[in-house]
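Work through the exercises below with the sequence and the coordinates open. Try each task before reading its solution.

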Amino acid sequence: MITKIFLLLFINPVMLFSSCRPDPPPPDSDPTTGTLKIHFTLNWNGQPFSFFTPYTDANFNYQIQTELLKFISYKLKVKNTAGVETLMEEAHIINFISDKFTYTEELEKGDYQGLKFGIGVGDSATNHGDPAVFPSTHALSYNLAADLHWTWNTGYIFLKFEGRADTTGTGSGPLDQLYALHTGDDPLYGEVNFYTNPFTITAEQTTDFYIDVDVSKFLYNATDAIDIKTENATHTNNNLAIKFSQIYLD
């Protein structure tokens with residue numbers, strides 16, 4: 001199981017505590033839960049990031065413009081300091097282009113080692129099952145995952161990374177190279193693990209947990225790189241999809 005840092009990202013969990021209940025509890029009550037608020041933030045090689053804005057790919061001097069980035073977060077879990085894991089959510093769609101990348105969960109108060117989640121759908125029966133079995137409010141339903149599902153047999157699309165690029169290498173050419181990198185199928189599922197990033201949940205307060213995603217790291221890691229000029233489209237579990245998933249899960 002893959003447990004390295006997500007997309008070679010840099011994670012900086014920050015705990016900011018503030019009251020989240022408008023009315024105080026009765027004097028004899030003993031609140032036991034608080035709120036964990038998970039934030040994903042984006043950068044490009046340390047620069048502030050915006051969609052539909054070209055950034056330089058350091059490997060090939062291409063200009064890369066990202067226009068879509070979304071994935072299925074699966075089996076979000078936390079682990080407390082006693083080593084006990086708690087499943088918080090079965091599935092959640094993280095859609096960066098629509099700003100749906102901050103969400104909250106109620107959690108028992110106490111100290112935690114961190115959290116982890118999968119990219120994709122982590123069990124074959126669910127991945128290759130029928131999305132119609134889920135209610136419309138479920139992340140894996142036809143209603144919410146319509147564009148993240150190929151067919152009932154092929155299964156879910158785990159992650160989408162799309163846009164256009166100038167591949168002349170001059171830094172001034174037209175953005176005429178489209179790219180669409182989609183991964184899926186059971187072998188490409190992997191987990192991202194933040195169990196070494198502790199946080200504390202205080203009753204009736206909010207703890208903010210930040211995950212900073214370097215979008216440039218979708219294209220390369222320490223040993224490999226995606227050449228958008230020649231490696232610009234995959235919609236299945238082929239060699240390019242395997243390479244792409246290995247890079248973003250490294």
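**Exercise 1: the partners of β5**

Eight antiparallel bridges connect β5 to strand β10 (residues 155–166). Strands here are DSSP runs of E with at least two residues, numbered from the N terminus; two of them pair if DSSP finds at least two bridges between them. The model is predicted, so local features need pLDDT of at least 70 and side-chain atom pairs pLDDT 80 or more, while totals for chains, interfaces and linings use all residues. Residues are numbered from 1 along each chain as its sequence is written, and side-chain values use heavy atoms, without hydrogens or water.

Solution. 
- Step 1. Turn to strand β6 (residues 85–95). Nine bridges pair β6 with β5, in the antiparallel sense.
- Step 2. Take strand β8 (residues 110–119). β8 runs antiparallel to β5, with six bridges. Leucine 115 in β8 is the bridge partner of valine 78.
- Step 3. Aspartate 57 stands opposite tyrosine 62 in β5.
- Step 4. Check burial (under 20% relative accessible area, 1.4 Å probe, protein chains only; exposed is over 50%, partly exposed in between). In β5, 16 of 19 residues are buried.

**Exercise 2: positive phi**

Task: locate asparagine 61 and aspartate 185, and state how accessible each one is.

Solution. 
- Step 1. Asparagine 61 sits in the loop between β4 (54–57) and β5 (62–80). The hairpin of β4 and β5 has four residues between its strands, and asparagine 61 takes a positive phi near 60° there.
- Step 2. Asparagine 61 counts as partly exposed because its relative accessibility is 35%.
- Step 3. Aspartate 185 lies in the loop between β11 (177–184) and β12 (190–194). Its phi is positive, about 80°, although aspartate 185 is not a glycine.
- Step 4. Aspartate 185 has 26% relative accessibility, so it too counts as partly exposed.
- Step 5. Compare with a glycine. In the hairpin of β5 and β6, also with four residues between the strands, glycine 83 in the turn has a positive phi of about 90°.

**Exercise 3: the core and its rings**

Solution. 
- Step 1. Define the core: buried Ala, Val, Leu, Ile, Met, Phe, Trp, Tyr and Cys residues joined through side-chain atoms within 4.5 Å.
- Step 2. The largest such core has 48 residues; among those with the most contacts inside it are Phe40, Leu115 and Phe161. The largest share of this core, six residues, comes from β5.
- Step 3. The rule gives 21 aromatic pairs.
- Step 4. Phenylalanine 40 and phenylalanine 117 pair edge-to-face, at 6.0 Å centre to centre and 75° between planes. Phenylalanine 40 lies in strand β2 (residues 33–44) and phenylalanine 117 in β8, so the pair ties together parts 77 residues apart in sequence. Phenylalanine 40 and phenylalanine 117 are both buried.
- Step 5. Phenylalanine 199 and phenylalanine 209 are also edge-to-face, at 5.6 Å and 80°. Both are buried.

Methods: Rings of Phe, Tyr and Trp (its six-membered ring) pair if their centres lie within 6.5 Å; planes under 30 degrees apart count as stacked, over 60 as edge-to-face and the rest as tilted.
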